[in-house]
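Hello,

Here is the structure I promised you. Please open it and read my notes alongside.

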Amino acid sequence: MSSLETLTVHGLGRVAEPYRDIVPPIHLASTFERAADGSYPGGRVYARDASPAYIEAEEVLRQLDGGTQALLFASGHAAASAVLQALEPGDRVLAPQSMYWALRKWLLDLAEHGRIQLAFYDNADIADVERQLAAAPTRLLWVETPANPTWELTDIRAAAALARQHGAMTLVDSTVATPVLCQPLALGADIVLHSATKYLNGHSDVVAGALVTREDSPLWQRIRVMRNLGGAILGPFEAWLLLRGMRTLHLRVRAACANALQLATELEQHPAIAQVLYPGLPSHPQHATAVAQMNGGFGGMLSIRLRDGEGRARDVAARVRVFKRATSLGSVESLIEHRASVEGPGNRCPTDLLRLSVGIEPVADLLADLTQALGG
């Protein structure tokens, strides 16, 4: 294939025999026949860890992220859990203060029960990353950039270099950036995580996760074991839908980026809004980092903070007509959410914040909808 864009459109470019299918068939078999001598001529034993339904989607993801191997999971959280379960008891994990709330809760729970040691760092402060790495032996540096839902950025190249110096591996949750905008493995990360539910699928009809590794390693082999023994596998139809969704990945991501940048620029001037959080704005504290490590756009996610607080934020969310009030992100339709009320007690999200997942609708429609909801 001549480009990654063509790769996503065509998958692996295979045409299936005997009918010469342009669209790949769905492999539903759960088990595979042995030959008379006990061998497996098809190279497959059981679908839990070796379903041919995964071949094309995993290979497309491997190439998109520039890795050596990729694994699909039943969800993004299942992919993250496989990594954590692959660690040795008592291994230290260094995680960002701002990150996906459910995973943060999971990390805290694992630490509380003695499964891991846990420390946090300021997402945007590389000096803090270095201090925390130097404080104690660390097995894994967890990076989420841009970080949900306030969209801080971490300098991946600098963070990964520091992790290597201190003997730690680096995992980057690149769900929001996608392989279209950022290549963490090329910047020094060891593993990339995607909630494939989001932009990779992009149609709100699949829950899936994925990991891609820069190179094989003992940790990666343990992750493979955890997927197999833990059973957190993706169904064949969902794998097929994911591959179908990726056919339009570049077009969708770029359209969402263009819409988000225009909305962020316009909303920054609105009198009801105290702050727009979007890496593409020059006013964003880590805009220079975004420019350095994101290519072709700054993502389709932004958040707005209302001057009049939580009540006003909830009122705006209630008044939208085009945006849908729903959890999740990265699909073709635009979503809005009062994030603090979703995350519940103990969350770090400001109560005056609305999270926007910007879709691919005409931006004029989206701006008009938000303007009327804001009352201006």
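Start with Val15, which sits in the loop between helix 1 (4-10) and helix 2 (47-50). Helices here are DSSP runs of H or I with at least four residues, strands are runs of E with at least two, and both are numbered from the N terminus. This is a predicted model: local features need pLDDT of at least 70, side-chain atom pairs count only at pLDDT 80 or more, and totals for chains, interfaces and linings use all residues. Residues are numbered from 1 along each chain as its sequence is written, and side-chain values use heavy atoms, without hydrogens and water.

Val15 has a relative accessible area of 31%, so it is partly exposed (buried is under 20%, exposed over 50%, partly exposed in between; 1.4 Å probe, protein chains only).

Now helix 5. Its buried residues are Ala102, Leu103, Arg104, Leu107 and Leu110. They pack against helix 4 (76-86), strand 2 (92-96), strand 3 (117-121) and strand 4 (140-144) (contact means heavy atoms within 4.5 Å). Just after helix 5, Gly114 has a positive phi of about 75°.

Last, the aromatic rings. Rings of Phe, Tyr and Trp (its six-membered ring) pair if their centres lie within 6.5 Å; planes under 30 degrees apart are stacked, over 60 edge-to-face, the rest tilted. That rule gives one aromatic pair. The ring centres of Phe237 and Trp240 are 6.0 Å apart and the planes are at 10°, so this pair is stacked. Both residues lie in helix 10 (residues 236-246), three residues apart, about one turn of the helix. Phe237 is partly exposed at 43% relative accessible area. Trp240 is partly exposed too, at 22%.

Best wishes
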